[in-house]
Amino acid sequence: MKKNVFLFFLALFGILLTGCQNNESGFPSSDNPTVVVSTKEIYGAPSRKFEIKAALADDLGLKSIQIQIPELSLDKTISFSTNPLLESYDLSYFFEVPANRGTSEAFKIKLIITDVSGNVVNEEINLRLDGEFAAPSISMITPKEGTVILLSTSNDMPVNFVVNDDSGIDYIQIKCEELGIDETVQLDGAPHSYTFNKTYKLPVTAANYVLTITAKDKFTIPNTGSININIVATNEYPAIYLCDQPKGTNLTTDAVGVPMYFHEKTGQDFEFKYYADKDNKEIYFLGQESDFAPHCFGLNASGELVDDVASTAIILPTKGYYKIKVNPNTLKYTAEKYTPSSKVWADVANGLWHDDAAQRKPFVSVCGGGIQGATWDTWDAWTQKGLHLANNASNPYQLVGEYTLTGTMEATFTGQWWDPSWRLIKNGIATMSPGENGNAKYPAAPGVYKVVLDTELERVFITKK
């Protein structure tokens, strides 16, 4: 009898002990957690981040998820609160592949999901480092941004561009809603390069259009590239630009002033003031701002003005200031040298800040955005000596310096309390205040730029060094 009692209590103790062991978490038994990954194969690359995405769920509550890639020294545990219990979680975890890994390598991403009842589920995702993430490159031949199509000459709009992609091109698309253009070219064999060349007809009425070019590649996770091209279809030129750069120069590299916007316009008579910084200065007139084509006005073999990309430069024989007039319709131009009579801002490099105007010496610095060291406070413009402009030794009407641009910029060139000051508005125009309001914003690649403020021309030239 005693033996049976002893065996009964021993069995009861064993049952109680087993029960305690099965419920160490303090939570009742539950079903296994579930995991649904967004993809079973992730593409990465050395020095590039990739994202691990998954939807986790449990009928009672999640405890943790562990993310492991032993070869890349990744062992991350994310623990979840149990008060309250978390029944679902959307995982989004970013990890950067070390720079020293090779593009031919592949790994397993291990996900270990544990719920509050102690149930564990494992999931694996393939990681490949041969990913291709660059969007197809679209190089416009024609039209370029801001192209002017002169309807009085022709209403043809040639569209010519080249698309390149490392993984192969799936399709290209040309769209312009206003012109009813919506054309898709599906490419067989995923070529790495494709040239599109087609001419569309424009209505004979003047208007502005936006042409959108889109290209998609054939990578497993497709990349898409797209650009918008603004086109002006007109019966006369809205603007003419003076360009003193050699043919073939990229006219979109500089921030402001290249090519130079006209000064006055009466009908199709355009007038410029211009400073030739050396003898035999070569210039052209352009019908668009961003390129030498399609309208480039220079000289033919007979010395006559022509609208021809193959034309030769107009020569300004001696250094100095010129008044230049050009009519793109009659193809006539004149260039006359003149002596400026505007105020010379001399010795600005030795400026002096002083509350008493009588003791103040003018300086010229800059206030604005997108310029390293600059703010909209004229005191900062004074204290940041690297922003101060100095006189050009060879031209008293020019103030020069160097700025580091950090991105899209806007500026007012200023002295103490905005006296003197020149506000940089649209088209590189720098009006002396009080002048036209509204600082313009100019996109610019970060870098060091040469700055020229020509107080006679009321123009600013900010060019990549």
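Contact here means heavy atoms within 4.5 Å. The model is predicted: local features need pLDDT of at least 70, side-chain atom pairs count only at pLDDT 80 or more, and totals for chains, interfaces and linings use all residues. Residues are numbered from 1 along each chain as its sequence is written, and side-chain values use heavy atoms, with hydrogens and water left out.

**View 1. Leucine 286 and its contacts.**

**View 2. The largest nonpolar core.** This core has 41 residues. A nonpolar core is a set of buried Ala, Val, Leu, Ile, Met, Phe, Trp, Tyr and Cys residues joined through side-chain atoms within 4.5 Å. Buried means under 20% relative accessible area, exposed over 50%, and partly exposed in between (1.4 Å probe, protein chains only). Leu286 is among the residues with the most contacts inside the core, along with Ile240, Phe272, Tyr274, Ile283, Phe285 and Ile324. Several strands each supply at least two residues, including S10 (147–150), S17 (241–243), S21 (281–286) and S25 (320–327). Strands (E, at least two residues) and helices (H or I, at least four) are DSSP runs, numbered from the N terminus. The largest share, five residues, comes from S20. Domain 3 (241–338) and domain 4 (364–464) both give residues to this core, so it lies between them. Domain bounds come from an automatic or database domain assignment. In soluble globular proteins, nonpolar side chains tend to be buried together.

**View 3. Histidine 263 in its loop.** Histidine 263 sits in the loop between strand S18 (260–261) and strand S19 (264–266). Is this residue, histidine 263, buried or exposed? It counts as buried, because its relative accessibility is 18%. Its side chain reaches the backbone oxygen of leucine 457 at 2.9 Å. Beyond its neighbours within four places in sequence, histidine 263 is in contact with Glu271, Phe272, Lys273, Leu457 and Arg459.

**View 4. The four-stranded sheet.** The strands of this open sheet run in the order S19-S20-S25-S26, with antiparallel pairing. Two strands pair if DSSP finds at least two bridges between them. S19 and S26 (332–338) stand at the edges with a single partner strand each, so one side of each has no neighbour in the sheet. From one strand to the next, the twist averages 20°. S25 and S26 pair over seven bridges. Isoleucine 324 stands opposite alanine 335 in S26.

**View 5. The five-stranded sheet.** Here the order is S10-S16-S15-S12-S13, in an open sheet with mixed pairing. S10 and S13 (181–186) are the edge strands, and each pairs on one side only. S12 (residues 169–176) and S15 (residues 207–217) are antiparallel over six bridges. Isoleucine 169 stands opposite aspartate 217 in S15. Isoleucine 174 has isoleucine 213 in S15 as its bridge partner.

**View 6. The S15–S16 hairpin.** How many residues lie between S15 and S16 in their hairpin? There are six. S15 and S16 (residues 224–234) pair in the antiparallel sense over 10 bridges. The bridge partner of alanine 207 is alanine 233 in S16.

Notes. Polar contact = N/O pair within 3.5 Å; in protein donor to acceptor, adjacent residues only side chain to side chain. Axes fitted to C-alpha atoms, helices over the stretch in contact; angles between N-to-C directions.
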